Amino acid sequence: MLCFIAGMAGERSGDDIVSEYLGQNPELAQWVDTFRTYCETNKQWVARREFILRNMEAFPTVKVGVPSSSLDRLLSLSMVWVNHVFLGCSYPQAVMDKITEMGEGIVVQDAPVHKTMKEIMTRGKQSAAESDADSCAKRAKLGPNELDGRPAGRTNARAVTQKSGPPPQAPAEQQPFFNRLYKAVAWKLVSAGGFGPNLDHFEILRSCVESCKQTLSCVFVPLKDITGLPAGRTQKEGHVCEIRCQTVYMGTGYGRDESAARAMASKEALKVFQGRKVTVKICRRRYKGKDVEDLMLLDEQPRSQGFPPALSYPFQAEQLEDGSS
């Protein structure tokens, strides 16, 4: 296939050549079309289909109609490539180098242009500098007794109670770590042949977290001890597991025992990493019958249902020293 396209590259577009080749090989055409996902546009699928066909020769064990680990790896790399081209996703440098090499020669008409992380960070620093400059200018206009809206020199300390919940700055503080974890998980799943039901989900998640110099926290609760279950649920055997990392909630799972519950919670946590990015947010959920604010790791997909109730809550009220007039 690669030789066929290369020989015709100077005459017609890759799309036309691929379409002609598949027209001459209906069995191959029917087989490769089974790999199209429901969410792919025609433009995305045409590009990814060419990527797959061009690179089949590099995976000699890939045979039409025969499942194999090599096929899984090729399909995973094709998804990584199309996510990079059309969505601007970035991956570890070794993966980026690999898909760049494999995608050489594929022409995507009117491909979207994405800002690099360096450009985004540069713009962010410029905005922060401008904001600091404005703040300094405003403070310079205030009199010595007008700073902070009260006369200077009167700061009587008193104890106040901070409400339970994560501080407002927590998502911004946690986000850099989960950006690194996102890349570690992406690379791990590529090397494992892609996300699927037969993986050791807990081991993948654990190894990725530890590669980022952190550890997972697992909380187990017997199902019979959980209140507020749907009225129709009569099953009371088994355990529920909640997974967190650095106090951020990642997933909940149910199983016949703690090991099975942990595996299911890990699978749910890894599902979040299948999108374009992950984001740490403060969300409201239930904990011991009360509404609380919690740190959650989310993807970009809209949620049709609420979050499962929390099994643990690492945010407690604290006594702080506050200055008052």
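The protein has ten helices and seven strands, taken as DSSP runs numbered from the N terminus (helices H or I, at least four residues; strands E, at least two). The model is predicted, so local features need pLDDT of at least 70 and side-chain atom pairs count only at pLDDT 80 or more, while totals for chains, interfaces and linings use all residues. Residues are numbered from 1 along each chain as its sequence is written, and side-chain values use heavy atoms, with hydrogens and water left out.

Of the 325 residues in the protein, 37% are buried; buried means under 20% relative accessible area, exposed over 50%, and partly exposed in between (1.4 Å probe, protein chains only). Contact means heavy atoms within 4.5 Å. Among contacts between residues at least 6 apart in sequence, 58% join residues at least 24 apart.

Helix 8 (residues 170–191) packs against helix 9 (residues 201–211) at an angle of about 135°, and their axes are 9 Å apart. Axes are lines fitted to C-alpha atoms, for helices over the stretch in contact, with angles from 0 to 180 degrees between N-to-C directions. Helix 8 is therefore oblique to helix 9, given that angles under 35 degrees count as roughly parallel, over 145 as roughly antiparallel, 65 to 115 as roughly perpendicular and the rest as oblique. On the helix 8 side the contact is made by L181, A184, V185, K188 and L189, and on the helix 9 side by I204, S207, C208, V209 and S211. By class, this contact has seven nonpolar, two polar and one charged residues; Ala, Val, Leu, Ile, Met, Phe, Trp, Tyr, Cys and Pro count as nonpolar, Asp, Glu, Lys and Arg as charged, and the others, Gly among them, as polar.

Strand 5 (residues 279–287) and strand 6 (residues 290–298) run antiparallel and are joined by nine bridges; two strands pair if DSSP finds at least two bridges between them. C283 has D294 of strand 6 as its bridge partner. The hairpin has two residues between the strands.

Most residues other than glycine have a negative phi.

L87 lies in helix 5 (residues 69–87) and is partly exposed, at 31% relative accessibility. L87 and V113 are 26 residues apart in sequence and 9.1 Å apart in space, C-alpha to C-alpha.
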